[in-house]
Amino acid sequence: MNNSDFLDDISVTDTENILTDADEQKEELLMTSAKATALYCRLSQEDALAGESNSISNQKEILAQYAKAKGFVNPVFYVDDGYSGTNFNRPGFQKMVSDMEDGKIAVCITKDLSRLGRNQAEVGLYINFTFPSYGVRYIAISDNVDTIDPNSIDNDYAGIRNWINELYAKDTSRKIRTVNRVKGERGETLTRNIPYGYKKDPDDPKHWIVDPEAAEVVKHIFNLCMEGRGTLQIANQLEKEGHYSPTAYKLKNGLLSKGTMPDNPCHWDDGTIRAILSHREYTGCTVAFKTYTNSIWDKKTRITPLENQKITPGTHEAIISQEVFDKVQQIREQRHRRTKRGKSTIFSGLVYCYDCGAPLYFSAGKESDGSQDFFDCSKHRKDKNDCSAHYIRSDILEELVFEHLSEVISYLICHEEYFRKFMEQYLESGSKEMLKIWKKQLDQAKKRIEEIDRLFIKIYEDNANGKLSDSRFKMLSNRYDEEQEELREKASELQISIDEQEEKADNLDKFIDTAKRYCELTGLDGYILHELIKGIYIENADVSNELTETDIDDDDGEYITVEKKPKASNAKIHRIRKIHIKYDFVGFIPINELNKFAKEALKSLKSEKSA
């Protein structure tokens, strides 16, 4: 079929069937010695709202009829459907440029200048420099632009039209941002990509409902993270268990997805796991303004700080509780790596040095049963002069923590009323003093910040009047800047501590409700530890030939001890291990004081009954 036959009797309905895209006509191009006529079509989502005039089918008809009427041969369509004109990194356009650079194109035709793009600088660069350098003639039909005639007045006005097209893009972007801002403030979702675990409500497309099958996998992922598993470990576990990846799952169930069915539908990428673990929407809230771009030209997506995001709770059913989500974020903030022997620990991110506050590193021993696995101070490991080892075996730590946790839960279950009363008094007595100190420090920090502001004004005036040299002014202003920044950070930390302390009453209820779920505790795992414990602080071992009652039972009750006798020695040497367990929501729980309180309460109750 020759080109005259090819364009006979063309109509809107058969244009798409007659003229195919560039990739489909590649073989035909190679079979002819004549260069191609590139017919470029572009439609953005915003342009689609303007009506049928800019539709791809309408553009194809106009371009095909024009090419036929003017006798342009070898017409080839390059199409970008759904791409903004502000960005030239479009697949259809880039394919056309590549063919142009290979010398395959003689003419490029668009419906108008805006189809080529809406960035006046780049459109002008292509029309005036890029196209001519490759011997390509450019035509914009509606704007009467044809680069074959350098003296055309319409060509001179092309720059003005490009400027107007750019203004249109800016105005459209401004309107869209305004609409999205209003929607986001109302709590409406702005994303088109529904998180894995949810699906659209058939009765309300703007509302998400739980997808039961996928939601169970999401819960499983969070549980594995709570157990101390890393993202790669979780990904491997899901693949081993045969769970479809989000893309494969959506395609299998006929849901909308950008990807294609992978060769291995059960392969999970650790990046996918990271994304799922960071989705705040799983707590039942809508998050708006999570990302932003600097302008319509700079398309790089940046993360909006959490305080500037709009979080609307209770917009859909939660899959993950807020407490579990917050715990997972704390776990994810710390890097947990397996040892060289491939071992990991359930205490990941929980064990710290009592003296310097640095994390304790986990190391695996040679024995496969884990009997020689241990923790030691990370600061000591880097420099032995900075801190002592604070060495403790992993199995001993697990034994001590299990013992303490079991005692706390057992006491709570059997004597919840006493536990609640004691902890309320204990937290209140500790918090009153701490709140007094923190509020005083916060007040001092705020006053000093205000004082520095006044000092800034004074030294500025002194510098302007010549009383203070420029070098002296610079030195003082830098010093005040540093001090003020440190004070702001301190004030922020103090305010957080004050807020947390004032919420202790609610936190006590949360701890009791959580702990009661483990009334039949038979062992430890990472999930239990991360749900109930905030930190475990290890004191350095105290080696002694004599073991006193004070060593075993300290009055503060914040730690427990263990006696160790070296196997290869007859000497009665004792190594006292002291650990402090800081529970989530309530902090340290002094077991000894708790027991004394219960005994005194029971004694008082018996006295009342006998009276």
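Is asparagine 144 buried, exposed or partly exposed? At 49% relative accessibility, asparagine 144 counts as partly exposed, where buried means under 20% relative accessible area, exposed over 50% and partly exposed in between (1.4 Å probe, protein chains only).

This is a predicted model, in which local features need pLDDT of at least 70 and side-chain atom pairs count only at pLDDT 80 or more, while totals for chains, interfaces and linings use all residues. Residues are numbered from 1 along each chain as its sequence is written, and side-chain values use heavy atoms, with hydrogens and water left out.

Helices (H or I, at least four residues) and strands (E, at least two) are DSSP runs, numbered from the N terminus. Strands S13, S14 and S15 form, in that order, an open antiparallel sheet, pairing being assigned if DSSP finds at least two bridges between two strands. Its edge strands are S13 (360–363) and S15 (392–393), and within the pairing of S14 (residues 374–377) with S15, which runs over two bridges, phenylalanine 374 has arginine 393 as its bridge partner.

Elsewhere, the axes of helix H11 (residues 212–226) and helix H15 (residues 322–333) come within 9 Å and cross at roughly 50 degrees, the axes being lines fitted to C-alpha atoms over the stretch in contact, with angles from 0 to 180 degrees between N-to-C directions. The contact (heavy atoms within 4.5 Å) involves Phe222, Cys225 and Met226 of H11 and, among others, Phe325 and Arg332 of H15.
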